Each structure stands twice: as C-alpha cells, then as structure tokens.
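Work through the exercises below with the sequence and the coordinates open. Each task is followed by a solution in steps.

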Amino acid sequence: MVFFTPMAVPLEGAAEASALTARIPASIIDALQADREEQLHQLDDRGGSCRPANWEAIDAEVYRLRFQWNAATAPHWLDRLCQPVVPNAETTGDGALVRLAMVQKPFLLPDQGIYGSRLRLIGVQLISIEPNEQEHRFEQIAELFKRPMAGQSPGEQMLRAQFVASFL
C-alpha cells in the first residue's frame, strides 16, 4: 500500500543526497501504525524481538520521520507540476514544503530473531520553500505592472492591467 501526505509537510533541516527528515501529521502516522500492526501480526508468531517504528513523536499532533536511501532505492523527485526535477540545496532547505509518497514493508532477520517494518520513500513532490527576502514575490511583480508609467496612453495602461489580470 502506498501512503501519501495529503497536504504539504515541512522538511526538518536540509535534505541530503541520501536522506531527508520531515514533520508528519499524526493522522498519517495512525494509518502507518495500523498497517504496521497488520503486517507484523504474522511475524509475531515466530518470536524474536520487534524493532521500533521509524517515527518519533514530537507532540500529540506531529511526528518526525527520517528517510534514508541509496542510489538504487532513491525516491523520484517532482516539481509542483509533477515534472521530474533534480533536487538542490535551495529547494530542499529547512522548512521546504513537500508531499511524500511512501510504502511500508515488513522485514525478518531470522538468524538474529529481529523483525519489524521499514518505510521506503518512493516520491517527493517539491511544493515550495519559505520565500527568500531577496526574491520578488508574484504580488510584488504584479504591482509593478499595475503602476502607470509616464508617457503611457490609456490603451497601453489597459493592456498592462489585462496582462496582470490574466495571471490572477
């Protein structure tokens, strides 16, 4: 079963080349826990020790979830329009908003008597990052187009206003 974060969640710290940490709402963790219990029910009969889940409670509403991968199991990275993108330090910094797709699989190490479940991140959609104060926001750029320019005819001013309105 594939689990998605329905809303964008913030990254905690900057994503690295082979890891990221996100803050996940409790509702997603509840679904993951129910799935985990179902998967581990069959392995409980074999005995041994169960490894703890991958998530860590921050408070009653938010959990910390760290993902790690190697080159063969790296997640697919998508931009806001679901087009493939290469992540970089600017887009995956602390506080960046992302949507995650993950699967949970049980594992059993029979020679050590250890079992549990492992989360694998299969996709990351980059939604946004906190705006950089040096970057102009859309609203600021639109405001520039709304200002009358010296020497513009009323027709030119109307065309500029229509251009801006087409984006709003």
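## Exercise 1: Gln39

Leaving out residues up to four places away in sequence, Gln39 touches Gln104, Lys105, Pro106 and Ser117. The model is a predicted one.

Task: State which helix holds Gln39, and decide whether Gln39 counts as buried or exposed.

Solution. Step 1: Gln39 has its place in helix α1. Step 2: the relative accessibility of Gln39 is 18%, and the cut-off for buried is under 20%. Step 3: Gln39 therefore counts as buried. Step 4: the side chain of Gln39 also makes a polar contact of 2.9 Å with the side chain of Asp35.

## Exercise 2: Chain layout

Task: Give the numbers of helices and strands in the chain, and the order in which they follow one another.

Solution. Step 1: the chain has three helices and nine strands. Step 2: along the sequence, these follow the pattern β-β-β-α-β-β-β-β-β-β-α-α. Step 3: for contacts between residues at least 6 apart in sequence, 68% join residues at least 24 apart. Step 4: of the 168 residues in the chain, 31% are buried. Step 5: the chain exposes about 11,100 Å², of which carbon and sulfur atoms supply 55%.

## Exercise 3: The partners of β8

Task: Find which strands pair with β8, and in what sense.

Solution. Step 1: strand β1 (residues 2-4) pairs with β8 in the antiparallel sense over three bridges; Phe4 has Ala101 as its bridge partner in β8. Step 2: strand β2 (residues 9-10) is also antiparallel to β8, with two bridges, and Pro10 has Leu97 as its bridge partner there. Step 3: strand β9 (residues 114-128) runs antiparallel to β8 and is joined to it by 13 bridges. Val98 stands opposite Leu126 in β9. Step 4: β8 and β9 form a hairpin with four residues between them, and Gly113 in the turn has a positive phi of about 70 degrees.

## Exercise 4: Asp79

Task: Locate Asp79 and list its contacts beyond four places in sequence.

Solution. Step 1: Asp79 lies in the loop between β7 (76-78) and β8 (97-109). Step 2: with a relative accessible area of 25%, Asp79 is partly exposed. Step 4: a polar atom of the Asp79 side chain lies 2.9 Å from the backbone nitrogen of Leu81. Step 5: from C-alpha to C-alpha, Asp79 and Val98 are 9.4 Å apart in space, and 19 residues apart in sequence.

## Exercise 5: Cysteines

Task: How many disulfides does a search of the whole structure find?

Solution. Step 1: the search finds zero disulfides. Step 2: Cys50 is partly exposed, at 36% relative accessible area. Step 3: Cys82 is partly exposed, at 46%.

Key: Residues are numbered from 1 along each chain as its sequence is written. This is a predicted model: local features need pLDDT of at least 70, side-chain atom pairs count only at pLDDT 80 or more; totals for chains, interfaces and linings use all residues. Side-chain values use heavy atoms; hydrogens and water are left out. A disulfide is a pair of cysteine sulfur atoms within 2.5 Å. Buried means under 20% relative accessible area, exposed over 50%, partly exposed in between (1.4 Å probe, protein chains only). Contact means heavy atoms within 4.5 Å. A polar contact is a pair of N or O atoms within 3.5 Å; within protein, one must be able to donate a hydrogen and the other to accept it, and residues adjacent in sequence count only if both atoms are side-chain atoms. Two strands pair if DSSP finds at least two bridges between them. Accessible areas come from the Shrake-Rupley method with a 1.4 Å probe; for residues, only the protein chains shown count as cover.
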